[in-house]
Amino acid sequence: MKTLSRIYIILILLFLFAPIIVMMLFSFNSTRSTAVFSGFSLKWYRELFRDEKAAEALLNTLKLAVLSSVIATVLGTLAAVGLSRLKRRWVRNTVQSVTNIPMMNPDIVTAVSMLMFFVFVGSALGIASRSFATVLIAHITFNLPYVILSVMPKIRQMDKHLLEAAADLGCTPIETFFRVELPAILPGVLSGLLMAFTLSIDDFIITQFTKGEGFYTLPTYIYSMTKKKVTPDMYALSTLIFLVILTLLILSNLLQARMEARRDPRKIAARNAKKKKKLKEN
Amino acid sequence: MTEQKVAPPPRVRPSRRPAIVRAVTVAPHGLWCLLFILAPLVFVVYYTFTDPSGAFTMANIKEVFSSAYLTVLKRSVLLALESTAICLLLAYPLALSIARMKPRNQSLVILLLMLPMWINLLIRTYSLKLLLETNGPLNGFLSRLGIGPIGFLNSEFAIVLGMVYNYLPYMILPIYSVIAKIDPRLKEAAADLGCNGFQTVFRVVLPLSVSGIVSGITMVFVPSISTFFISKSLSDGRIRLIGDVIEQRISLHNVAAYEIGSALSFILMILIIVSMLITNRFGDNDGGVVV
């Protein structure tokens, strides 16, 4: 039974990884063939680095991800802070339900609805209905629920008396927010920011519908490549993206492990014991 | 806490100017939601029920339920149901197997399962297509065994396979996280009361993991029924799903196309709301696990 379940796990992992590994392998192929591996070469990577449109798409993707995640984090954190202080529960619930709509709805419906809105507003005001601004607005919108979802629990965990103490000690509400509340909820804010950043980089459908002609992010650029006859430089691009993601994941895992180790009560106890010992010796 | 009884804490003093705080914090977000979440949905409804002159009409809805679109609609529902069912059948035993491993190995397997989720859907789907092509690596391997070449692509099977390949982790993770939390003493108790392994799974573990199953089903069904890249890529645009039709209509960028696109999106939204209402009836709805 145990071997059987182990074989099953390995088979599923093989199913999930085989296509990706094959694609990575063929990105190093010296010919265009996808059936026979005829020799190792970096030809397709060289081709990719010569592709100015790919570089531009990468730049657009990063610009969009940074801007949309930062704006969504500021808006969402403020909203979460404000919502937690609302007395009327139904207002809070309504706002949160509305915020969650883009998370529950299929991306294509969100994309269509945004486009319809931009088309209407664009024709009413006589401005372009699809531009960098519309993509940015769309990205901020689908990022918001994730920011609020990761900030809210931290606010709930925070000791409310800290806020009173700060006010009693003469902090203005703004000072209270920056010196007491923000440091307490910072982990939630940061993980919301990170989540928003990755979602923005990964988004395809909503960008595809709200972007103007000639503007590309990496996913939409890959899409435009798959429409034409595909050359292995797309495999090279995908491989590079995969390796970057893998590195970032490993780094963040290591970082998290280190932070958890530092917070490990046994280690803290050991460290305190050492300090005490030193004090006694002195 | 063995401190002496202290005076009761002072009454919570509300912020001096709550109205201003609310205006600065909640208002921008509320306005944003109103403008960019609710208003766009209103426009979907508007374009669904109006003709180019702006007059009310049911023509768009009627057209969507006419023959050509209806076939696509039925096919989308069917393929999404198939892929959800296959994902559930594959994922449940897998989640059980993972939950039985050593904790260290568990987190490694979970990490490996999450890794493909970080790769863009387009890349994943495209690599699957590359693997399955008639002159691709899999057929190359099979021909050496004397089998083949098998035309995997351009079939409904390929599309379902693509959905399962892309969304399987979304089924595994919520189910696993619920199963991992089940008190092991319950399983021991079941064994003590004479349950064999299968009975323990079916009578103890399964009923306790319904919330995980429900959120897994939602997380696979919703993207499956609304996908367009998977079907487009794995069938070279020959087998169309509701998402393909929406994308194709919308990318024409004219008012009539927007109306059909909106009507289809409207129907899709209704379909999903209905399916969520159905699944929520079965779950106790605390399974809002992993997003």
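## Views of a predicted two-chain model

**View 1. How chain B holds together along its sequence.** Residues 24 or more positions apart make up 74% of the chain B contacts that have a separation of 6 or more; two residues count as in contact when their C-beta atoms, placed from the backbone, lie within 7 Å. This is a predicted model, where local features need pLDDT of at least 70 and side-chain atom pairs count only at pLDDT 80 or more, while totals for chains, interfaces and linings use all residues. Residues are numbered from 1 along each chain as its sequence is written, and chains are lettered from A and ligands numbered from 1 in the order in which they are written.

**View 2. Chain B, helices from end to end.** Count them up and you get 13 helices and zero strands (DSSP runs numbered from the N terminus, with helices being H or I of at least four residues and strands E of at least two). The radius of gyration of chain B, at 25 Å, is well over the 19 Å that the globule rule gives for 291 residues, so chain B is more spread out than a compact globule. That radius is taken over C-alpha atoms, and the rule is 2.2 Å times the number of residues to the power 0.38. Along the principal axes, the C-alpha atoms of chain B fill a box of roughly 75 × 65 × 30 Å.

**View 3. Where chain B meets chain A.** Here 64 residues of chain B are in contact with 60 residues of chain A. For the complex, the predictor gives an ipTM of 0.83 and a pTM of 0.85.

**View 4. Helix H10 of chain A, mostly under cover.** Seven of the ten residues in H10(A) (218-227) are buried, meaning 20 or more other C-beta atoms, placed from the backbone, lie within 10 Å of the residue's own. Among them are Tyr221(A), Ile222(A) and Tyr223(A).

**View 5. Confidence along chain B.** Chain B averages a pLDDT of 85, and 91% of its residues score at least 70 (pLDDT is the predictor's confidence in each residue, from 0 to 100). Over residues 285-291 of chain B, pLDDT stays under 50.

Terms used: A residue is buried if 20 or more other C-beta atoms lie within 10 Å of its own, exposed if 12 or fewer, and partly exposed in between; C-beta atoms are placed from the backbone.
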